[in-house]
Amino acid sequence: MNQSFDEISAQLKSRHRKSARLKWMSMGALGLAGMFLVLFFADMLVKGLPAFQQAQIQVEVDYSEQASEIPLAALSEEIRPLVSRGYLRLIPQRMKDNPELQGTTRTEWVLADSAVDQYLKGHHSNLGADEQSTVDRLASQGRAELKFNTTFFAKGDSKMAEFAGIAAAAFGTVMTLLVTLAVAFPIGVMTAVYLEEFAPDNRFTRLIEININNLAAIPSILFGLLGLAIFIGFFGVPRSSPLVGGLTLALMTLPVIIISTRSALRSVPDSIRHAAFGVGCSRWQMVKDHVLPVAFPGIMTGSIIGLAQAMGETAPLIIVGMVAFIPDITGSFTEAATVLPAQIFTWAGEPERAFIEKTSGGILVLLAVLIFMNATAVVLRKKFERRW
């Protein structure tokens, strides 16, 4: 059936209108996603940046003999409610470690209570009218200020918001990722090399490939249950330790490393393999000396992305008990520890407002590390990528 020019033109206009609608819908979806991302980062910055400042007040500390027994005696009655209880508890130990303090009175900047911190930041606080007037007077005299919160980066968890920090969680995260890398990277790379370069194409290897692809898609909490059953229940690995956390995350990261390594190996041209065989190399020599060095940048990129994904996981680590209260840095791979995502999860459940800042501040630190790791992977890929 022949169509007239007008009918063909109408059909073309209809197609163009549909194409334009699809284009604008796609752009709208992209813009909406970008708007949500901007709002998320803005909310985190507004809530999290105050966590990097902490109120301190300048007071006279009387290191008397009575203060070594009753720390409250070191401060005037007016100042006592404004100073962190954590600082007061340290006074007897400081006098014991530094005998020259005995009998002296010193003017020092000390950590303020979280209520004072919230008041100086303009938030609701539990300070009474007299305490607020005292803080206002100290602030007008330059004796109450918001300073950089070194405690947040130097201390572990604490029930007192002004003393809570991410140091123990950050160190536990590093130890956990070291175990994950030590287990997942060599096993994942060797598995991928075998499947891609040595394994015969039969039902068994195809079944393995299907299972690996399926493992990469299952919920992470299932890996936590697997780690709980195997590593803790069967092998007796200490609960809440970086060792059990790293082994659990290694299970979760293995499929990602295997898939990315196989993709990197496939990107190596067959001409390199043929050339290696042509000069008398065995299959293992061809893989070790020619294929792996060329594929290594892609392998590293996939491994870094896999570790970044593992670093942000919370559910499997909660299952194996890495939500313990850890005030000090862990000194062993078998001691109880926590990680940044679990620490953030714990702070999010605290009722005190000051912990909201800690939660958002911890998220900002975690996001910064994750963005850095992903940016490193992109830079490595761009720098060492070869086009054939």
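Domain bounds here come from an automatic or database domain assignment. The model is predicted; local features need pLDDT of at least 70 and side-chain atom pairs count only at pLDDT 80 or more, while totals for chains, interfaces and linings use all residues. Residues are numbered from 1 along each chain as its sequence is written, and side-chain values use heavy atoms, with hydrogens and water left out.

Points are joined across faces, edges and corners, and a volume is the space filled by probe spheres set on the points. The count is 1 cavity of 30 Å³ or more, and the largest cavity has a volume of about 50 Å³. Its lining (residues with an atom within 4 Å of a point) consists of 13 residues, with Gln54, Asp117, Ala354, Glu357 and Lys358 nearest the centre. Two or more lining residues come from each of strand S1 (53-63), helix H4 (114-120) and helix H15 (354-384); helices (H or I, at least four residues) and strands (E, at least two) are DSSP runs numbered from the N terminus. H15 gives the most, with 3 residues. Because domain 1 (50-148) and domain 2 (166-384) both give residues to this lining, the largest cavity lies between them.

The second largest pocket has a volume of about 230 Å³, a pocket being an open set with protein on both sides within 12 Å along at least five of seven lines. It is lined by 16 residues, and Leu177, Leu181, Ile304, Leu307 and Met373 lie nearest its centre. Helix H7 (167-198), H12 and H15 each supply at least two of the lining residues, with H7 giving the most, 6 residues.

Helix H12 (residues 283-311) spans only 36 Å between its end C-alpha atoms, whereas a straight helix of 29 residues would span 42 Å at 1.5 Å a residue (the expected span is 1.5 Å times one less than the number of residues). A kink of about 55° lies in H12 at leucine 292, shortly before proline 293; the bend is the angle between axes fitted to the seven residues ending at a residue and the seven starting there.

An unreviewed UniProt entry places the feature "transmembrane region" at residues including 163-195 and 291-312; such annotations may be inferred rather than shown by experiment. Residues 163-195 are 88% helix and 0% strand, with end C-alpha atoms 51 Å apart. For residues 291-312 the corresponding values are 95% helix, 0% strand and 32 Å.

How values were computed
On a 1 Å grid over the protein atoms alone, a cavity is a set of points where a 1.4 Å probe fits but cannot get out, and a pocket is an open set with protein on both sides within 12 Å along at least five of seven lines; lining residues have an atom within 4 Å of a point.
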